[in-house]
Amino acid sequence: MSDTPFGFGLPPEEPEDGDEGKKKDQESGGGQDPSNPFGFGLPGAGGFGGPGGDNPLAAMFGSLNPTDLGAAFQQLGQMLSYEGGPVNWDMAKQIARQTVSQGTADGVKDASVGPAERNAVQEAVRLADLWLDDVTSLPSGAGTAVAWSRAEWVEATLPAWQELVDPVAERVGTAMGDVLPEEMQAMAGPLIGMMRSMGGAMFGTQIGQAVGVLAGEVVGSTDIGLPLSPAGKAALLPVNIETFGKDLGVPKEEVRLYLALREAAHQRLFAHVPWLRSHLYGAVDGYARGIKVDTAKLEDVVGQFDPQNPEQLQDALQQGMFQPEDTPEQKAALARLETALALVEGWVDAVVHAAAKPRLGSADALRETLRRRRASGGPAEQTFATLIGLELRPRRLRDASRLWASLTDARGIDGRDALWSHPDMLPTASDLDDPDGFVHREQLDFSELDKMLGEAADKPDLRKKEDDGKGDDAE
């Protein structure tokens with residue numbers, strides 16, 4: 001569990017002895033952790049915006065040279081005058097696009113997708129859907145298949161990120177306005193408004209950086225187990241697939257096809273289980289409602305807030321002002337979300353393996369590579385954990401995959417997939433610890449349910465006969 005749900009990090013303080021101190025600090029290993037993409041600096045030499053990367057404004061304004069100072073102050077004014085929702089999504093989009101344009105730490109730049117790559121992705125998804133027809137009763141969910149650049153991925157997935165993150169940010173924003181007594185809020189209106197504008201900007205900056213870094217790593221639209229692309233659109237990122245597969249010793253075509261299988265399997269699940277998307281996002285919303293705000297700390301920040309030092313707010317976030325509630329409701333929301341995501345990933349893992357194993361010699365190796373990528377806290381999980389403050393336990397994916405495999409053996413493909421008919425039919429977190437027990441118990445439960453339904457159907461007739469008999473006696 002992340003102690004700071006939104007992972008706000010501060011750049012190092014400016015040394016008192018100026019450039020010499022800064023140089024010493026860098027040589028001593030101080031400063032921003034280069035492995036943390038969620039602070040104001042980005043991985044790589046110079047950070048975001050080159051030499052100005054250690055300046056917290058550099059993430060938004062680039063290197064503040066005289067030629068772009070005007071644009072910098074204009075953007076600062078826009079940040080302070082922001083009056084939208086809890087996150088400044090215009091800023092998030094801008095930061096994400098700027099992050100993508102810098103390229104990844106290994107020097108790979110984004111590039112437009114050419115016709116040959118688009119055709120290769122479309123063909124891979126088409127073939128993947130044919131293979132999946134043999135291993136699941138859910139029909140194809142990919143109406144179209146697209147090949148995206150990293151920038152296109154950012155543009156297409158931001159609406160889903162907004163739906164995911166806004167509930168948490170809203171809780172934070174509400175707390176900012178509630179720390180003062182009601183009679184004082186009118187007088188402090190401008191201050192509260194400025195704090196909310198700064199809060200929206202900080203959330204926008206952090207989320208924009210996170211999404212921009214993630215765009216350099218993901219291979220499709222479903223890497224975090226949630227549908228980020230528009231409904232019915234399977235998407236792969238050729239430039240990232242190339243990077244993902246370059247050291248695996250597996251033919252490029254097989255890597256692309258295996259990843260297309262995973263993308264197409266996710267699309268089937270979300271297209272034909274209509275309640276699943278709202279179930280997952282509803283669990284996120286329920287989790288967000290349980291976030292507890294340290295009002296004493298926030299009141300202290302408000303009382304000492306200096307408009308000329310907006311970094312105070314970010315420092316407060318860094319210190320863990322927003323913590324999950326240790327309540328039964330909060331634990332239930334967290335368990336519900338983690339279990340649902342594990343079941344989604346486990347089902348995809350099981351059906352993709354069933355489809356790929358007889359056809360791809362590299363199926364086992366690719367499966368294990370992706371499992372380890374998830375288990376080691378890959379970029380998708382790290383971003384998800386940083387944004388909403390939770391992490392999936394890696395063993396849950398393997399447990400869920402074993403459960404779906406057991407269900408396939410016991411009930412067949414149709415019986416297994418029928419469990420997605422209603423959320424109450426799915427396994428719970430405790431069931432993932434005992435997959436075989438769930439399979440056999442559910443079979444018994446269904447029998448008992450049929451018996452109970454049959455008895456209930458007979459009871460009205462019995463009561464009617466009894467009533468008729470009583471009537472005859474009365475006569």
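Student: At roughly what angle do the axes of helix α11 (residues 276-289) and helix α14 (residues 328-356) cross?

Tutor: Good place to start! This is a predicted model, in which local features need pLDDT of at least 70, side-chain atom pairs count only at pLDDT 80 or more, and totals for chains, interfaces and linings use all residues. Residues are numbered from 1 along each chain as its sequence is written, and side-chain values use heavy atoms, leaving out hydrogens and water. The axes of α11 and α14 (lines fitted to C-alpha atoms over the stretch in contact, with angles from 0 to 180 degrees between N-to-C directions) come within 8 Å, and the crossing angle is roughly 150°.

Student: Is the crossing of α11 and α14 left-handed or right-handed?

Tutor: A crossing is left-handed if the near helix is turned anticlockwise from the far one by less than a right angle, and right-handed if clockwise. By that rule, the way α11 passes α14 is left-handed.

Student: Which residues of α14 make that contact, and how many residues of the contact are nonpolar?

Tutor: With contact meaning heavy atoms within 4.5 Å, α11 brings L276, H279, L280, A283, V284, G286 and Y287, which meet Q330, A333, L334, R336, L337, A340, L341 and V344 of α14. For the classes, Ala, Val, Leu, Ile, Met, Phe, Trp, Tyr, Cys and Pro count as nonpolar, Asp, Glu, Lys and Arg as charged, and the others, Gly among them, as polar. The contact of α11 with α14 then has one charged residue and three polar ones, while the nonpolar count is eleven.

Student: Let's zoom in on A333: what is its relative accessible area?

Tutor: A333 sits in helix α14, and beyond its neighbours within four places in sequence it touches A283, G286 and Y287. A333 is buried (under 20% relative accessible area, where exposed is over 50% and partly exposed in between, with a 1.4 Å probe and protein chains only), and its own value is 2%.

Student: How many nonpolar residues are there where α5 packs on α10?

Tutor: Helix α5 (residues 115-132) and helix α10 (residues 252-272) have axes 8 Å apart at an angle of about 65°, and their crossing is right-handed. Among the residues in contact are A120, V121, A124 and W131 of α5 and L257, A260, L261 and R268 of α10. The contact has no polar residues and three charged ones, and the nonpolar residues number 13.

Student: Why is helix α9 (residues 238-245) described as largely enclosed, and which of its residues are buried?

Tutor: Six of the eight residues of α9 are buried, so the rest of the structure largely encloses this helix. Those buried residues are P238, V239, N240, I241, F244 and G245.

Student: Which residues of α10 does α9 meet?

Tutor: The axes of α9 and α10 come within 10 Å and cross at roughly 115°, in a right-handed crossing. The contact divides into four nonpolar, one polar and three charged residues. From α9 come I241, E242, F244 and G245, and their partners in α10 are K252, V255, R256 and L259.

Student: Which residues form the stacked aromatic pair?

Tutor: Rings of Phe, Tyr and Trp (its six-membered ring) pair if their centres lie within 6.5 Å, and planes under 30 degrees apart count as stacked, over 60 as edge-to-face and the rest as tilted. The structure holds two aromatic pairs. The stacked one, 5.3 Å centre to centre with 20° between the planes, is formed by W404 and W420.

Student: Which parts of the chain does the pair of W404 and W420 tie together?

Tutor: Both tryptophans are buried, and ring pairs link W275, W404 and W420 into a cluster. W404 lies in helix α17 (residues 394-417) and W420 in the loop between α17 and α18 (435-474), so the pair joins parts 16 residues apart in sequence: α17 and the α17-α18 loop.

Student: Finally, what percentage of the residues is buried overall?

Tutor: The secondary structure comes to 18 helices and four strands, taken as DSSP runs numbered from the N terminus (helices H or I, at least four residues; strands E, at least two). Of the contacts with a separation of 6 or more, 79% are between residues 24 or more positions apart. Among the 475 residues of the protein, the buried share is 48%.
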